[in-house]
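Reader: Please take one part of this model and go through it closely. Start with a turn between paired strands, then move on to the sheet and the charged side chains.

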Amino acid sequence: MWLRWARCLREVMLEVSPLAHRLLLGQTSGRNLASGPHFGHYAAAWLATSYRGNVIEVQDIRLDPVSRRTWRGSDEIVLSRKEFDLVRALMERAGEVVTRDDLMRDVWHTTFWTSSKTIDVHLGWVRRKLGDDSRHPRLITTIRGEGLRFETEDRTR
């Protein structure tokens, strides 16, 4: 039972900002934090990252970062944790090319390549679940030698 609780706590701690992480671990006291010169900055950053309730919407895909739910039109799409993080990383920078290095750092939290196919495998699962054709993509386009781009509009119409 305690192992399940520890895993849940770890996932929560990975989702919150470094300041909230330190507060959860008791590495700083509220009094010392509040008396510091950067208290307002830290508080604003923590609120912006932890309680950002804005739903991201690109084309007909909606993504709620707080509840970690995704929809295509009115249908909810069930994504795994890494699939959700991959879609979120791409949708937050829709229209921009996101490099594979950025994705490995932002989604897998690593600066080295665990496998050259890690992103490709997860991308295949995401495309299948979102109903995107890899041969004629309308949502996520692979830019050879550069990275991936979540398209802001359907260019096939």
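Author: Look at the hairpin of E6 and E7. Gly 145 takes a positive phi near 80° there. The hairpin has 3 residues between its strands. This is a predicted model, and the values here are computed from it. Strand E6 covers residues 140–143, and strand E7 covers residues 147–150. They pair in the antiparallel sense over 4 bridges. Strands of a sheet pair through backbone hydrogen bonds, either parallel or antiparallel.

Now the open sheet. It has 4 strands, in the order E1-E2-E3-E4. The pairing is antiparallel here. Strand E1 (56–58) and strand E4 (75–77) are the edge strands. Each of these pairs on one side only. Neighbouring strands are turned by 25° against each other on average, direction ignored.

Strand E3 takes in residues 69–72 and pairs with E4 over 3 bridges, in the antiparallel sense. Trp 71 stands opposite Glu 76 in E4.

A helix lies across part of the sheet. Helix H5, residues 81–91, lies across E1, strand E2 (61–64) and E3. H5 runs at about 110° to E2.

Next, the charged side chains. The count comes to 13 salt bridges. Which residues form the network? Arg 93, Glu 96, Asp 102, Arg 105 and Asp 106 are linked by salt bridges.

Arg 93 forms a salt bridge with Glu 96, with the closest N and O atoms 3.5 Å apart. Arg 93 also forms a salt bridge with Asp 102, and here the closest N and O atoms are 3.4 Å apart.

Asp 102 is buried, because its relative accessible area is 15% and the cut-off for buried is under 20%.

Lys 117 forms a salt bridge with Asp 120, the closest N and O atoms being 3.8 Å apart. Asp 120 has 28% relative accessibility, so Asp 120 counts as partly exposed.

Conventions: Residues are numbered from 1 along each chain as its sequence is written. This is a predicted model: local features need pLDDT of at least 70, side-chain atom pairs count only at pLDDT 80 or more; totals for chains, interfaces and linings use all residues. Side-chain values use heavy atoms; hydrogens and water are left out. Two strands pair if DSSP finds at least two bridges between them. Helices (H or I, at least four residues) and strands (E, at least two) are DSSP runs, numbered from the N terminus. Axes are lines fitted to C-alpha atoms, for helices over the stretch in contact, and angles run from 0 to 180 degrees between N-to-C directions. Contact means heavy atoms within 4.5 Å. A salt bridge is a side-chain nitrogen of Lys or Arg within 4 Å of a carboxyl oxygen of Asp or Glu. Buried means under 20% relative accessible area, exposed over 50%, partly exposed in between (1.4 Å probe, protein chains only).
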